[in-house]
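Work through these exercises with the model open. Each gives a task, then a solution in steps.

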Amino acid sequence: MDSSVVQLKTVVDEGVVVKVSRQASVRVSEYCAETPYLALKVPDEIDEVVRVSFTTFAHDQGWASDTGSGSWTWFETFTISPTSSSSWLHLNRLKRDLHHNVVANPNSQRIQTILHKDNPEDREWLANFKGGHSIQLVPRAMYPGWVNFVEEAEIEILGRLKTEGPIPLVRRIGTGSPTAYRKLRQEVDEIRILHLHPAAKDAEITCSLKYATLESETVPQFEAMSYCWGDQTRRKTIKLIEDETDGDGTVHTELTVTESLYLMLKALRSVETIRVLWVDAICINQQDIDERSQQVSLMHQVYSKADRVVIWLGDASPPHLECFGLWDEVGTLLASDPDSFKSQVDSLDKPHGHETSLPDYAVIASIFELFWFSRVWVVQEAYYARSCIVKRGAQELSWAMLLRVNECLKRARQTVPGLVYRLMPNVTSKLFRVDHANGELAVTKVHDFDQLAVIVAAIDLSCSDPRDKIFGIRHLVTYDDGLQTDYKKPIIDVFADFTRHWIRKSRSLRILSAIHADFGRSWHRMIMAAADLSSLGHPSWSFWYTGNSGWANATLGFAAECKHRASGTTEPDHQLLLDSLDARELRLFGVRIGVIAEIIPFVSHGMREIDPPVCHQTMDTFEEIFDPWGKDLSWKPNYTNSHFVPIDERVEAARHVHPHIHMEGRSLGPNDAIISCLSDSLFSAEAENGTRQVGLCPHTAQIGDLIVVLLGGNVPFILRPAHKGSDQSRGEMYYLVGEAYCQGYMDGRAVEEMESGISKREIFTLI
């Protein structure tokens, strides 16, 4: 049955009903990429989603040796936010299992799951949905032999319209001209420091602001807080004293702060002494954009000069009470022997390993579901800290212990069948290493890390302002000079300027490969539709803040040590980078190879009949990028467990091919895909001299796209002619589609042809 996607929107008394449905026969095994079957975009005018229903018409393979555990074919959902990523924030907090198929039934059954805000278990999950979010429905299967046969699906939401604008983080209440936020002396890097006044447990929170200069040799002792701002609609009031010289007649301002911040201050407050803190929400005047920009640029200094950084995970409320009780047990193990926890985790992949005294690993790992671990700012805050302590309510944990246990659980999840739980975001392991000496754990900061990989890893993290995915990381990189923290600059320009800056400083086009981490632009199709390059909302060549950093690893040119040298030893022309008339354009020298004339499935019945024939290097590259046998789980989100370890590639290949061929019962034509879940990727291109080239392309490529080698690029790229207005004086412009693997052109051949006069150098203007 051909794909048929229909979306309808209806206004009702309760709000707006939006429904999307699809009819298409799809087969999903454990080896298939976790690609959505259906997606619904929440209209921008919706502020609250009241109800979501998911209906599927599907079945499993129709038999099972053991039906007691139910069907290992099911459906799950997650969301894509316009300001966040899929990899960590969404799949750790918004991923949700829906329902399983009827076990061992060869006939499709219609099954529905309804989530409603009146249900306490659904309320928090639905509260994350806003206008612009996209709700994805993903068919899943686990273990050899299990296949999810999907015929139809439908998503329907009921939403309420927006009624008011955003609420500021800190609001003043009262009249007069408070002096608490006097202008800071930026020339001496002045900051505010919060004095949290002592009081009894249930007394109101009273505090005051003092001033200090980071340039001073006598910066007062203070603790810097690393925490989550929390839900801005849930607010509490605190009292900010402005003039402490007036005895009982002190002038004060009442500030409304988020409930999360209020509870943190209340938990940290002493009953006897003033506690001196740096809390960004209060110490920075968030309403002054110029001050905010300047203070954010100093945050790495603030955290490095604090006596210690306090990582606040929140209050110890259910469901994490059990988790923290087990962490006490883990702490006892590590205190006696830093390797004891690791050795017990290692024993899980040995015979009878489950008899270990190790506490419940899934409950222990649930701490990593807390929202703090998804924040982009925590990377800098923890990295620059002299020392860290982790607090959850009254309980304290060691930062080193958290990192150590994360390492152990990560190893176990990669080697032990059936382990599924959350971990710290990937960027953590790039920046921190845990060692032990004299029987104690110690955190070592990694200094020679791959800087661009850290920048790209930040797209997996969350923030309220997308620009913070640059501003919150920029001080960690060598190429920081020349970049400014400026919240007045449009988001588009922050990322475009950063991309151009990185190309100039690194003298490489490596960052262009990072566009494949964005939604709709990955090599393999991971969302319903490919990105429309003409309506992206940002330059097609610019690194962007949404997507999944893991997809950048499944590319040709993103690795720090790239094995390809398509442009030889050339570099991007420095002056040409600066000469663009429009800052949102990128001008590069390059050489044409050909125009795409055909795109077919790579693993196809007649692929060996292609002229010129596909060489072994191309086949190897296909396997490296698309991972058809499930070796690297490149196209599985970060939370997914590797529940099998491939032993024989031929066995794994047969297991993936089997559901798509034998169970579909179809005959193959010469261009039919053997594995139909993989994106079409084998192109044939025609050069101006009539020769033909073959290679690999991402799912976004189209017939008519241009294959080029851009000087300074390790791999060829695909460009698409763009018709921008009627101004022909600026020459033809192009969208950057992405990378390409062009057989025979991966090691400098295009440059050799240019230097010998066979090809000519051109200027390509990317928009």
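**Exercise 1.** Is Arg-474 buried or exposed?

*Solution.* Start with the ground rules. This is a predicted model, in which local features need pLDDT of at least 70, side-chain atom pairs count only at pLDDT 80 or more, and totals for chains, interfaces and linings use all residues. Residues are numbered from 1 along each chain as its sequence is written, and side-chain values use heavy atoms, with hydrogens and water left out.

Step 1. Arg-474 has a relative accessible area of 6%, so Arg-474 is buried.
Step 2. Locate Arg-474: the loop between α14 and α15 (491-506). Helices (H or I, at least four residues) and strands (E, at least two) are DSSP runs, numbered from the N terminus.
Step 3. Find the partner. The side chains of Arg-474 and Thr-485 are joined by a polar contact of 2.7 Å. Such a contact is a pair of N or O atoms within 3.5 Å; within protein, one must be able to donate a hydrogen and the other to accept it, and residues adjacent in sequence count only if both atoms are side-chain atoms.

**Exercise 2.** Describe the salt bridge between Glu-156 and Arg-51.

*Solution.* Step 1. Apply the rule: a side-chain nitrogen of Lys or Arg within 4 Å of a carboxyl oxygen of Asp or Glu. The count by this rule is 33 salt bridges.
Step 1. In this pair, the closest N and O atoms are 3.3 Å apart.
Step 2. Glu-156 is in strand β9 (residues 148-161) and Arg-51 in strand β4 (residues 46-59), 105 residues apart, so distant parts of the chain are linked.
Step 3. Check burial. Glu-156 is buried, at 16% relative accessibility. Arg-51 is partly exposed, at 23%.

**Exercise 3.** Which residues of helix α3 are buried, and where do they lie around the axis?

*Solution.* Step 1. In α3 (residues 259-268), the buried residues include Leu-261, Tyr-262, Met-264, Leu-265 and Leu-268.
Step 1. These residues cover an arc of only 160 degrees around the axis, so they sit on the same side of α3. The arc is that of the directions from the helix axis to the C-beta atoms.
Step 2. Recall the geometry. An α-helix has 3.6 residues a turn, so residues three or four places apart point the same way.

Technical notes
Buried < 20%, exposed > 50% of the residue type's maximum accessible area, 1.4 Å probe, protein only.
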